[in-house]
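Here is a friendly walk through ring pairs, a sulfur link and a helix packing. Please keep the viewer open as you read.

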Amino acid sequence: MSRIFPLIALFLAGCDGPEQAVAPSQDDLDRVAEILNQPTEKIVGNLFSEVGVPQIRLSETRIRFANALELAECGLLQLIAERNSSLGKQKQESRRLIYEWEIRAGLSRCLQVHDKEWFQLAVNAKQYDVEAAMIELLTNSEEADRIQAKISAPFKTLNESTIAYTGATMNILRTLNTALSDTDAADKSTISDFEESLKAWSETQHHGTLHRAVGQTLSWISNANRIQTTAIKSDRLCPMGTPTELGRNLHTFLQGYFKHTLQPKISSLSRALESLERQWSVLPLTLISHDELIDALLNLPPGTRDKLRRAIALHVQQWQLLLQDCGLAPRAETTNS
């Protein structure tokens, strides 16, 4: 069986101790600088500029009154009249989604006019509008604002927040998938459950918690990586590969403070992001990519999550190099079991 370098194994294993914050702190960075015998750096505040929500609007397709009369037998006349009114444009985002879903489902029942050009255009427009209303609900609504809140977070740890969010999101995803793919309209029970799930979902404030954790962790790890790079280039911990007291202190630091304090914060963030990405990947999107949706949900600039992952990988690699320079990293070896 193969033996893996212990530091990488720590990340693969996940949390090895109690999680105490959503991201490493300035004190954590000072500890890294001290153990590497380097000047510390200061963590900056919010790294991100204002990020706009996806600009996807409803199609504004209208079914003319004369054509709408042909749909009376399908029970759509009142819905279409409401949709064409100025009042119909002012619906709350969750109700707008249900409303577009009901029209799309109603059109699917109108087989007597399915071969008419205006009808086909309306069907295509309503399929578009269901997804557009869904994206608007998730990214630019009262619920989207509430889940982005970054004060008075209801959970002490990122792991607790992730568990609550995962549970609250399950019914929302089930309903959204049905809205995007099912020709039947939602019944009252489904709508009621959906509204309740949206409320519980937004109250987790998980998107705001993750936004803050990503920003703080990326700032921290970028500074820590620069300190590591300086230490590697200076070759002062273990000159010419000679083990020193500083090198042995580094090994103790990684097996103790890093393992029990720093690593749990970083790995819990990685797992939280992976969990969120995996959940939302089930939506059959056509108007935006899944990456664009995740960035919009978390209010992050494009590429931020990849940048964070690369920074974490570099952080682990540089600890590895520092230990190797001190002759403290065991060589990977393979034996037959």
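The structure holds 6 aromatic pairs, where rings of Phe, Tyr and Trp (its six-membered ring) pair if their centres lie within 6.5 Å, with planes under 30 degrees apart counted as stacked, over 60 as edge-to-face and the rest as tilted. One of them is formed by Phe-258 and Trp-319, an edge-to-face pair with 6.0 Å centre to centre and 70° between the planes. This pair links distant parts of the chain, 61 residues apart: Phe-258 belongs to helix H11 (residues 245–280) and Trp-319 to helix H13 (residues 304–325). Helices here are DSSP runs (H or I, at least four residues), numbered from the N terminus.

A word on provenance: this is a predicted model, in which local features need pLDDT of at least 70 and side-chain atom pairs count only at pLDDT 80 or more, while totals for chains, interfaces and linings use all residues. Residues are numbered from 1 along each chain as its sequence is written, and side-chain values use heavy atoms, with hydrogens and water left out.

Back to the rings: Phe-253, Tyr-257, Phe-258 and Trp-319 are linked into a cluster by ring pairs.

Next comes the sulfur link. The structure holds 1 disulfide, defined as a pair of cysteine sulfur atoms within 2.5 Å. This disulfide joins Cys-238 to Cys-326, with S to S 2.0 Å, and the link is right-handed, with 95° about the S-S bond. Cys-238 lies in the loop between helix H10 (206–234) and H11, and Cys-326 in the segment after H13, so the pair ties together parts that are 88 residues apart in sequence.

How accessible are these partners? The table lists residues that count as buried, meaning under 20% relative accessible area (1.4 Å probe, protein chains only).

| Residue | Relative accessibility |
|---|---|
| Phe-258 | 0%, buried |
| Trp-319 | 0%, buried |
| Cys-238 | 3%, buried |
| Cys-326 | 1%, buried |

Finally, helix H8 (residues 158–181) packs with H10 at an angle of about 145°, their axes 10 Å apart; axes are lines fitted to C-alpha atoms over the stretch in contact, and angles run from 0 to 180 degrees between N-to-C directions. In the contact (heavy atoms within 4.5 Å), Leu-158, Ser-161, Thr-162 and Tyr-165 of H8 meet His-206, His-207, Thr-209, Leu-210 and Ala-213 of H10.

Technical notes: Helix = DSSP H or I, 4+ residues; strand = E, 2+ residues; numbered from the N terminus. Buried < 20%, exposed > 50% of the residue type's maximum accessible area, 1.4 Å probe, protein only.
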